[in-house]
Amino acid sequence: MALIARIRCATCIHGIELSPGELSLAISLVGLDIVARVAPHAPNVTPIAASAVFAGMVLRSRALALAVPIAALLLSDLVAGAYDWRIMGVVYAALALPALAARWGRARPVVVLAPLVLSSSLLFFATTNFAVWAFSGMYAHDLHGLVLCYVAALPFLWNTVAGDMLWTALLFGTWWSAKFLLAPKVNFSISGKFGLLPLPAEVGFTRLRPL
């Protein structure tokens, strides 16, 4: 019994016991992010921000949701190569924050999803380009240099917004479609002269709960 308790404790984060399904989903998201980031792609069109929002809304563990974008960035940077640690730190924070923000939208995902993703894209644009201006040495450290940095980055902003929206639609569309298709049908029983009568909800139909 003690061994079983230790195994169960090892799969807990902040008191939440992680199911194999949650771990598999998190690992799949990390794998998708790594492949999409390492493979040839349009600049800034990657699923990392979208998967962070998805993880924040779907996974029960806040720590596991945060681990998805951070692990994806760390592992892909091992392949693609590191750069200025100060800029890397800003990039990591900007892509991890959507996972935290998504926790607040779990109750109304359809309402907050688009504004959340858009604000995440804008936050990434604002913070990472400020870091480039401050630490890269590419621009003069004055207002003119800051403006030039943001103007030069505008084409990447469109790519970021489009990529984040596209990947968010793909992830959530696939998830909701799978829940709808895999949800068990309502069972019916024959009762008296009324013919087919639905069984009580708790017996005939069980909703799929988010992981």
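**Working through the packing**

Student: Where is Ala67?

Tutor: Ala67 is in helix H4. Helices here are DSSP runs of H or I with at least four residues, strands are E runs of at least two, and both are numbered from the N terminus. The model is predicted, so local features need pLDDT of at least 70 and side-chain atom pairs count only at pLDDT 80 or more, while totals for chains, interfaces and linings use all residues. Residues are numbered from 1 along each chain as its sequence is written, and side-chain values use heavy atoms, with hydrogens and water left out.

Student: Is Ala67 buried or partly exposed?

Tutor: Ala67 counts as partly exposed, because its relative accessibility is 35%. Buried means under 20% relative accessible area, exposed over 50%, and partly exposed in between, with a 1.4 Å probe and protein chains only. The C-alpha atom of Ala67 is 8.9 Å from that of Val30, 37 residues apart along the chain.

Student: And what about the chain as a whole, which elements does it run through?

Tutor: From the N terminus on, the order is α-β-β-α-α-α-α-α-α-β-β-α, which comes to eight helices and four strands. Of its 211 residues, 34% are buried. Among contacts (heavy atoms within 4.5 Å) with a separation of 6 or more, 69% join residues 24 or more positions apart.

Student: Back to H4. How do H2 and H4 pack?

Tutor: Their axes are 9 Å apart and the angle is about 35°. Axes are lines fitted to C-alpha atoms, for helices over the stretch in contact, and angles run from 0 to 180 degrees between N-to-C directions.

Student: Ser76, then: why does it count as buried?

Tutor: Ser76 counts as buried because its relative accessibility is 0%. Leaving out residues up to four places away in sequence, Ser76 touches Ile34, Arg37, Val38 and Gly81. A polar atom of the Ser76 side chain lies 3.2 Å from the backbone oxygen of Leu73.

Student: Different topic. Which residues touch the most other members in the largest nonpolar core?

Tutor: Those are Leu25, Leu29, Val53, Phe54, Leu59 and Val68, in a core of 27 residues. Such a core is a set of buried Ala, Val, Leu, Ile, Met, Phe, Trp, Tyr and Cys residues joined through side-chain atoms within 4.5 Å. H2, H3, H4, H5, H6 and H7 each give two or more residues to this core, and H3 gives the largest share, seven. A second, separate core has eleven residues, including Ala49, Leu73, Val91 and Ala131.

Student: How many residues of H3 are buried?

Tutor: Eleven of eleven. The buried residues of H3 pack against H2, H4, H5, H6 and H7.

Student: And which residues does Val68 touch?

Tutor: Not counting residues up to four places away in sequence, Val68 touches Ala26, Leu29, Val30, Asp33, Ser51, Ala55 and Leu59.

Student: Last one: what is phi of Asn44?

Tutor: It is near 70°, a positive value in a residue other than glycine. Most residues other than glycine have a negative phi. Asn44 is in the loop between H2 and H3 and is partly exposed, at 29% relative accessible area.

Notes. Polar contact = N/O pair within 3.5 Å; in protein donor to acceptor, adjacent residues only side chain to side chain.
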